[in-house]
Amino acid sequence: MSWGAQNLTVRYGDVVALNDVSVEVVPGSIVALVGGDGAGKTTLLRALAGSVHPISGTVNAPGVSQLGFMPTQAGVWKDLSVDENIAFVGAAHGIKGEDLRQRRAELLEATGLANATDRVAGALSGGMRQKLAFALAMIHRPPMLLLDEPSTGVDPVSRVDLWRMIATAAADGAAIAMATTYLDEADRAADVLVLDSGEVLLRGTPQGVLEAMPGHVVISAERGNGPATWRRGNSFREWLPDDPPLGTPRATDLEDAVVGGSLAKEAIRD
């Protein structure tokens, strides 16, 4: 059985946050939600969690007690120690005694926080706080995990640690929907949903997203004359509306596909 949403539309007053968005999250896999600020990633996660109510469409997800949710700002109690955070969240899920001791040991080993159990969460580094927040989200082994940019702003080593824990949770059978600003992370997911202003821009496997982008992106050492040109690193990219030459990919990676897809949407709208 898979979880997800069908034809979801969400409004905040006159603002359409999501417009006819569907997503499927299969147990044992990761869906990466990609898009800029205001794209609708957080709204979609909150709708899956039941804290945002759509005006149309349906949500199929476990009950709140069977969800693990990690918000953008680390979901920890900063005035409590690492141990106190684990004990508090464990008690909220009815985990106690030997079950809690075993789960605590597993999580501390996975997060590398075994030597920081007495430290107040607010005094932890950003990466350590994010790893603690992830541990708290999965303390009750939920069948579905909703992660809102879990690795944004953390150091590279902690980002690797977080991804390892996320991949392990998926391997253990959890269905994971993860908003991310890092397209190299999205490239590791089973499926990618690219959102733009509350609408689905592209969807599919990472390779499928590259193939679904209209037109194609060319790379050059000099800036092109067209309006759909941007700099990336030491080279320039230009989105062109026609199909690529035979044997040439539409885009070399997800970053080019996402930017190119956004430019294609603007061109079609104009």
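Mentor: A helix, as the word is used here, is a DSSP run of H or I with at least four residues, and the numbering starts from the N terminus. Please keep in mind that this is a predicted model.

Trainee: Which residue just after α1 takes a positive phi?

Mentor: That residue is Gly-50, whose phi is about 85 degrees.

Trainee: What lies opposite Trp-3 in β2?

Mentor: In general, the side chains of a regular strand alternate between the two faces of the sheet. Here, Val-25 of β2 stands opposite Trp-3. Strand β1 (residues 3-12) and strand β2 (residues 15-25) run antiparallel and are joined by seven bridges. These two strands form a hairpin with two residues between them, and Gly-13 in the turn has a positive phi of about 65 degrees. Strand β1 is also joined to β4 (residues 56-60) by four bridges, again antiparallel, and Thr-9 has Ser-56 as its bridge partner in β4.

Trainee: In what order do the three strands of the open sheet stand?

Mentor: The order is β10-β12-β11, with antiparallel pairing. Strands β10 (216-220) and β11 (229-232) are at the edges with a single partner strand each, so one side of each has no neighbour in the sheet. Neighbouring strands here are turned by 30 degrees against each other on average, with direction ignored. Helix α8 (residues 254-269) packs on this sheet and touches β10, β11 and β12; its direction makes about 165 degrees with that of β11. Five bridges join β10 to β12 (residues 235-240), and Val-217 has Trp-239 as its bridge partner in β12.

Trainee: Is Glu-149 buried or exposed?

Mentor: Glu-149 has 13% relative accessibility, so it counts as buried. Glu-149 lies in the loop between β6 (144-148) and α5 (156-171).

Trainee: Which side chain is joined to that of Glu-149 by a polar contact?

Mentor: The side chain of Thr-152 is, at 3.4 Å. With neighbours within four places in sequence left aside, Glu-149 is in contact with residues including Lys-41, Thr-72 and Gln-130.

Conventions:
Residues are numbered from 1 along each chain as its sequence is written. This is a predicted model: local features need pLDDT of at least 70, side-chain atom pairs count only at pLDDT 80 or more; totals for chains, interfaces and linings use all residues. Side-chain values use heavy atoms; hydrogens and water are left out. Two strands pair if DSSP finds at least two bridges between them. Axes are lines fitted to C-alpha atoms, for helices over the stretch in contact, and angles run from 0 to 180 degrees between N-to-C directions. Contact means heavy atoms within 4.5 Å. Buried means under 20% relative accessible area, exposed over 50%, partly exposed in between (1.4 Å probe, protein chains only). A polar contact is a pair of N or O atoms within 3.5 Å; within protein, one must be able to donate a hydrogen and the other to accept it, and residues adjacent in sequence count only if both atoms are side-chain atoms.
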